[in-house]
Amino acid sequence: MIEFRKVTKRFGANVILDEVDLDIEAGEKVVLIGPSGSGKSTLLRCINALETIQGGDLLVDGMSVRGGRSEVRTIRQEAGMVFQQFNLFPQLTALQNVAFGPRRVRGTPKREALEQARELLAKVGLANRADHYPGELSGGQQQRVAIARALAVRPKVMLFDEPTSALDPELRQEVLQVMQALAEGGMTMIVVTHEIAFARMVGTRLIFMEKGKIAVDGPPAELIDNPANPRLREFLQHVH
Amino acid sequence: MDFSWSVIWDAMPALLAGARLTIYITVVGLLGGLVLGAVAGLFRAFGPAILNAIAFAYVELIRGTPIVVQVMFIYFALPVLAQIRIDPLTAAILAIIINAGAYIAEIVRGALLSVDKGLREAGLALGLPFWKVLVFVIGPIAFRRIIPPLGNQFIVSLKDTSLFIVIGVGELTRQGQEIMAANFRAVEIWTAVAIIYLIMTGTLSFALRVLEKRMRIL
C-alpha cells in the first residue's frame, strides 16, 4: 500500500534519504528506529508529503506524493498523522478537535461529526474530557485526543512520529495502550519511536535506519534479541 | 491666572463637533486600514513572491515617512500628479487608511507567523487545503494575538488625526486652535482638548480590554 521507489530527500547539500526502496503492505505494523539524524522522521513525513522528495517516487495506495495538490490531499486523508508535540488546535475543545477533520475535510454535518467524535474519544478513554481545551489536559491525554483526531478522518494507515517522546514516563503507557489497541484492530501503522518494548510486542516489522538508508529490516523479536548488525546492536544498548 | 469655566462652556459645541469629526476620521480610517492591513499582512506572511514584495515596499514606504508628509502628499501633490481634486476630509481618511494599514500589516504578519508551525502541519496532515488551514486554524489563533497590539495602533491613529490640522480639517485639534486664536485662552482650551482626547482614547482602551478578557489569548 506504500511504495518507496529510490526516494531521495535533500536539505540543501545534506542527503537525508538516500535512494530508499521500501514496500509496506496493508495491515503491517512497521516500527522505525535509528539514531537521531538517520532520516526516520523524514521518511515518515515524506509519506504524507509534509516533506517534498527530490528524487524517485513514493506511492500511497497507488497515488504519488509528487502528483497534483488534490492527489496529495487525498493521500493525507488516507494517512493520519500523530505528532511528537501533539499539535492539537488550542482554540478548540477535545471534542471539537476530533470533529474538526470530518467537518472541514469531509464536509460531514456538525451533529454527525460531533457524535462520531464522542465515540472516538470514548475509544481512547477520554469521554469525560470532551469539553476540555488542550491546555487543560495532560500530555498523555492530549496525545490520545490527537490520535482520535487523526482517526476521525478514517485513514487507511496511521503515521506516528515519536508519539511518546514528549511525555513523562508514567504518561507514555496510556498512549502506547491506545496504539496497541489500534494495532490489534488491524490498522496499518508506521511508528517512529524509541520504545523498544512496544516495537517487540506490537510491531510486525522493525526497520533500523542509518545515514539515510535502511540498514536492517526484519522481524522485531529476532532483531531485538539477536541483533546481527553491529550498529543496531550498539544502538539497542544505548536505548535500553 | 484665573481659570475660566465659562470659556470652556462656550467652546464646548465647537470642540464636540471637532471631536465628532475626529471619531469619524478614526473609525472610517481604521476600518479601511484593517482591511488593507489584513491583506498586506497576509501577503507578507504567506503571499507569493510578487505580492509579498509589493506589500513589503508599501509597509517600508509608509513606515519610513511621517504621516504629515503623507497627508500633504495626498492633499497637495496628488491633485497635481493625477489631476484629481481631493477634499480635506477624504485626504485625512485616506491618510489614516494608508498609514494605519502599514502598521496593521506588520501586526498581522507577526501574529500569523507566531502561530506554531506544528498546527499548520496538523491541519495539512488531515488533508485540508492551505486556505482552509488559514481560515480555521491559523486565523482564529492569530486573531486573538492581534488584539493587544491592534489596540495600541487604534490609539495612535486616533491621536494622529490631530496632525490633519495642516490641511485644515476641522477635527478636534483644529477647532481648539481656531477658538484659541480668537480668545487667546490657551490654558482652558488646550486643557479641554486634552481631556476630550483622553476620554476618547480611554474609552477605546477600555473596550479593547473588555474584548481581550472575553477572548482567551492562545
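**View 1. Chain B from end to end.** From the N terminus on, the elements of chain B follow the order α-α-α-α-α-α-α-α, which makes 8 helices and 0 strands. Helices (H or I, at least four residues) and strands (E, at least two) are DSSP runs, numbered from the N terminus. This is a predicted model, in which local features need pLDDT of at least 70 and side-chain atom pairs count only at pLDDT 80 or more, while totals for chains, interfaces and linings use all residues. Residues are numbered from 1 along each chain as its sequence is written, and chains are lettered from A, with ligands numbered from 1, in the order in which they are written. Chain B has a mean pLDDT (the predictor's confidence in each residue, from 0 to 100) of 93, with 98% of its residues at 70 or more. Its C-alpha trace spans about 70 × 45 × 20 Å along the principal axes.

**View 2. Where chain A meets chain B.** Here 16 residues of chain A are in contact with 16 residues of chain B; contact requires C-beta atoms, placed from the backbone, within 7 Å. On the chain A side, helix H2 (69–78) and helix H3 (94–106) each supply at least two residues. That side divides into 7 nonpolar, 6 polar and 3 charged residues, where Ala, Val, Leu, Ile, Met, Phe, Trp, Tyr, Cys and Pro count as nonpolar, Asp, Glu, Lys and Arg as charged, and the others, Gly among them, as polar. For the complex, the predictor gives an ipTM of 0.93 and a pTM of 0.87.

View 3. Strand S1 (residues 2–11) and strand S2 (residues 14–24) of chain A pair in the antiparallel sense over 7 bridges; pairing takes at least two DSSP bridges. Look for A:Lys9, which stands opposite A:Leu17 in S2(A). Between the strands are 2 residues, and A:Gly12 takes a positive phi near 60 degrees.

**View 4. The largest nonpolar core.** This core has 123 residues, and A:Leu32, A:Val98 and B:Ala92 have the most contacts inside it. A core joins buried Ala, Val, Leu, Ile, Met, Phe, Trp, Tyr and Cys residues through C-beta atoms within 7 Å; buried means 20 or more other C-beta atoms within 10 Å of a residue's own, with C-beta atoms placed from the backbone. Helix H4 (residues 88–114) of chain B contributes the largest share, 16 residues. Not counting residues up to four places away in sequence, A:Val98 touches several residues, including A:Ala117, A:Leu120, A:Val145 and A:Ala152.

Note on methods. Contact = placed C-beta atoms within 7 Å. Buried ≥ 20, exposed ≤ 12 C-beta atoms within 10 Å, placed from the backbone.
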